[in-house]
Amino acid sequence: MTVREILRMGDPRLLRVADKVEAFDTPELHALIADMFETMHAANGAGLAAPQIGVNLQLVIFGFAKNERYPDAPPVPETVLINPVLTPLSEDMEEGFEGCLSVPGLRGSVPRYTKLRYEGYDQYGNAIRRDAEGFHARVVQHEVDHLLGILYPMRIRDFSRFGFTEVMFPHLDPKADD
């Protein structure tokens, strides 16, 4: 396993629409997923999309029992999600602060669906279908946006609610947000 470099906002590779994964249960796919988990954990992330490490595939990982970047967030099940499809289960949306490993040191308030269904595949090609709400739904939407070339600042409606983590959230460790 290798900790990979996380691309930062401004890198044009983060703006591409990712390609579908065609081959499942391969040594290459398993190695990529292991590297992604190693990278996510090293950066204290809640999730990571393959494009964030320069791999243009529809693959995201997410999940944690506890996360120091989001200390009040409930646990999210550790998940590998490939070729995802999201379906809102309600028109209700909620503003909430997000950060991103590709946008270090900043947070912004982003509207997201409060309930959704996500479908796709795990690394073995097994179908996944799960309903999520709250922070779990937010994390999934954030990660899947990366597969569409969308970074969370592109979704911010009120830029008075966007700024440096250390200024807006002084109780959080600023080093944990880099």
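The model is predicted: local features require pLDDT of at least 70, side-chain atom pairs count only at pLDDT 80 or more, and totals for chains, interfaces and linings use all residues. Numbering starts from 1 along each chain as its sequence is written, and side-chain values use heavy atoms, with hydrogens and water left out.

Helices (H or I, at least four residues) and strands (E, at least two) are DSSP runs, numbered from the N terminus. Strands pair if DSSP finds at least two bridges between them. Strand β4 (residues 93-100) runs antiparallel to β5, with seven bridges. A hairpin of two residues connects β4 to β5. Within this pair, Phe97 is opposite Ser109. Strand β8 (residues 162-164) is also antiparallel to β5 and is joined to β5 by three bridges. Here Arg107 has Gly163 as its bridge partner.

Glu143 is buried but forms no salt bridge (a side-chain nitrogen of Lys or Arg within 4 Å of a carboxyl oxygen of Asp or Glu). Arg69 is the nearest side chain of opposite charge, 7.4 Å away; Lys and Arg count as positive, Asp and Glu as negative, and His and the chain ends are not counted. A polar atom of the Glu143 side chain lies 3.4 Å from the backbone nitrogen of Leu48. Residues in contact with Glu143 (heavy atoms within 4.5 Å) are Gly47, Leu48, Ala49, Gln52, Val60 and Ile61, leaving aside residues up to four places away in sequence.

Conventions
Buried < 20%, exposed > 50% of the residue type's maximum accessible area, 1.4 Å probe, protein only. Polar contact = N/O pair within 3.5 Å; in protein donor to acceptor, adjacent residues only side chain to side chain.
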